[in-house]
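Dear colleague,

I am passing on the structure below, together with notes on what turned up when I went through it. Please read the notes with the coordinates open beside you.

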Amino acid sequence: MKKILGIDVGTQGVRLVITDDKGNILDEVSREFKFDDGRIEQDPNVWWQSILDCLKNIKTRCDDLVSISVTSTSGTIIPLNSDNKPIHNALMYSDDRSSKEALEIEATMNISMKSSYSLPKMLWFKNNFHEKYKDIDKWVHATDFIIGKLTGVYKITDYTNALKSGFDVSNLAWNDVSKIGLDINNFPKVVEPGTFISFIDPNLSNYLNINNNIQIVAGLTDGCASQFASGAIGLNQWSSTIGTTLVLKGVTKKIISDKIFYSHRHPEGYYMPGGASNIGGDWISKWYRHDELDNLNSYAQEFYPSNHFIYPLLITGERFPFYNSEAKLIDNKNLNKEQKFLAGLEAVGYIEKMAFEKIEKLTGSKIEKIYVAGGSTKSKAWLQIRSSILNKQILITKNPNAAFGAVLIAASKTIYNSLSETFENMVEIKEVIKPDESSVIYQDLYKEYIDWLEVNMNRKDLII
């Protein structure tokens with residue numbers, strides 16, 4: 001039996017999944033991070049130590065482990081010196097201190113850019129840490145850093161991670177970063193996700209007591225990994241992943257020309273347009289204890305739909321499906337704990353619907369079903385609420401998480417010949433959820449919510 005390992009480095013922790021070549025999970029290990037303000041910066045060495053701890057606690061035998069790949073947050077960047085040591089913490093995707101630099105890059109290089117992207121963070125670092133900047137030998141994304149730790153090879157990245165660092169996925173070349181004073185020699189070589197990089201570092205394999213012929217292959221961003229794990233691999237398929245944030249991604253023949261979207265390059269030559277909202281599920285872990293969730297979900301299941309509105313944004317600024325650098329939490333102090341929980345689930349559903357309406361308008365095609373992934377799939381109530389708000393079928397695969405997406409990429413050029421072949425052999429649809437009778441009510445509530453949001457944000461352009 002051939003085995004594959006996928007590693008997911010998320011905002012709040014790491015997760016490792018080992019499967020066989022049919023997609024059956026053999027083992028899972030995870031660890032949470034403890035950072036004071038992990039939305040701004042994180043110590044990448046903590047990621048690696050957490051991964052090592054997980055690797056040492058894998059129970060299944062790794063004798064037949066063929067390949068490993070890694071996924072992590074899109075837009076996160078780390079400066080390394082010539083010894084491959086971080087000279088500063090990782091600048092996280094949700095760090096918005098580079099807003100000014102994003103505007104400068106747009107004006108100078110004529111490419112769409114946001115503070116959540118990695119290229120503005122590089123320029124921000126150069127502008128604010130002059131002495132440290134002199135020691136930079138290479139910029140690496142979160143995925144690249146872990147692959148470097150696994151192999152000793154740091155200066156290779158993949159199409160999906162490179163996009164937000166200024167890589168042109170149409171021409172498969174870096175844009176001219178010298179225009180903003182950055183050195184292209186510090187940028188990595190870019191390859192297709194799944195490309196063989198190196199065998200596992202012998203010292204690491206000896207330390208872990210595993211075979212040293214394990215292939216480490218190029219990874220991908222967590223949004224793309226979750227998209228593939230959700231089942232949205234083929235042309236005109238779309239996925240929605242709710243974890244810390246909300247990420248919508250699809251597969252199209254052409255790039256969607258719209259500033260609010262960005263398009264990754266699909267491993268089979270298509271494009272993967274998508275957008276990421278700062279609204280997601282992080283408010284749940286911040287506002288509620290884990291042992292409360294069963295009762296809260298039971299309440300939501302019984303009392304949806306509600307007519308209570310909140311906007312559960314925990315940071316300042318929104319990027320998708322509309323851009324508003326001043327957007328903030330809009331709360332309702334009159335709600336009790338249960339009502340607020342239900343209102344939060346519905347609010348994310350409304351934002352998700354707004355995003356898919358924009359996608360349908362730009363593509364000119366009707367989306368009938370959506371593949372979903374992320375932590376939100378654990379809540380039956382939330383899945384039903386989202387299906388009814390969207391008025392679309394929701395499909396859930398057997399393993400809809402980013403770590404399994406990393407498994408698929410790890411298998412796509414080592415065990416199988418393509419991502420499509422991997423999908424046919426390793427991905428299984430577990431459940432289909434359809435809109436219920438509440439859908440009619442939700443269509444009216446959605447219009448009311450958009451009006452309410454526009455008034456509270458003092459905006460008239462949320463529906464684009």
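Predicted model: local features only at pLDDT ≥ 70, side-chain atom pairs only at ≥ 80, totals over all residues.

Residues are numbered from 1 along each chain as its sequence is written, and side-chain values use heavy atoms, with hydrogens and water left out.

Backbone first. Asparagine 110, in the loop between α2 (99–109) and α3 (118–128), has a positive phi near 60 degrees although it is a residue other than glycine. At 69% relative accessibility asparagine 110 counts as exposed, where exposed means over 50% relative accessible area, buried under 20% and partly exposed in between, with a 1.4 Å probe and protein chains only. Leucine 172, in the loop between β10 and β11 (173–174), likewise has a positive phi, near 55 degrees, and at 37% relative accessibility leucine 172 is partly exposed. Two cis peptide bonds also deserve a look: one joins tyrosine 304 and proline 305, with omega about -5 degrees, and another joins phenylalanine 320 and proline 321, with omega about 10 degrees. Proline 305 is in the loop between α10 (293–303) and α11, and proline 321 is also placed in the loop between α10 and α11.

Next, the covered helices. Because 10 of the 10 residues of helix α13 (residues 402–411) are buried, α13 is largely enclosed by the rest of the structure. At the start of α13, a side-chain oxygen of asparagine 401 comes to within 3.3 Å of the backbone nitrogen of alanine 403. Helix α5 (residues 142–151) is mostly covered too, with 10 of its 10 residues buried, and among them are Asp144 and Lys149. After α5 comes glycine 152, whose phi is positive, near 90 degrees.

Leaving aside neighbours within four places in sequence, aspartate 282 is in contact (heavy atoms within 4.5 Å) with Arg39, Gly243, Thr244 and Leu314.

Histidine 88 sits in the loop between β6 (77–80) and β7 (90–91) and, at 11% relative accessibility, is buried. The side chain of histidine 88 makes polar contacts with the side chains of glutamate 41, at 3.1 Å, and lysine 132, at 3.0 Å. Not counting residues up to four places away in sequence, histidine 88 also touches Ile78, Pro79, Phe125 and Phe129, among others. Histidine 88 and phenylalanine 129 are 41 residues apart in sequence, and their C-alpha atoms are 9.6 Å apart in space.

As for the interior, a nonpolar core is a set of buried Ala, Val, Leu, Ile, Met, Phe, Trp, Tyr and Cys residues joined through side-chain atoms within 4.5 Å. The largest such core has 53 residues, and those with the most contacts inside it are Tyr311, Phe341, Tyr449 and Leu453. Helix α11 (residues 337–363) gives the most to this core, with 11 residues. Apart from it lies another core, of 41 residues, including Val14, Cys54, Tyr93 and Ile200.

Conventions
Helix = DSSP H or I, 4+ residues; strand = E, 2+ residues; numbered from the N terminus. Polar contact = N/O pair within 3.5 Å; in protein donor to acceptor, adjacent residues only side chain to side chain.
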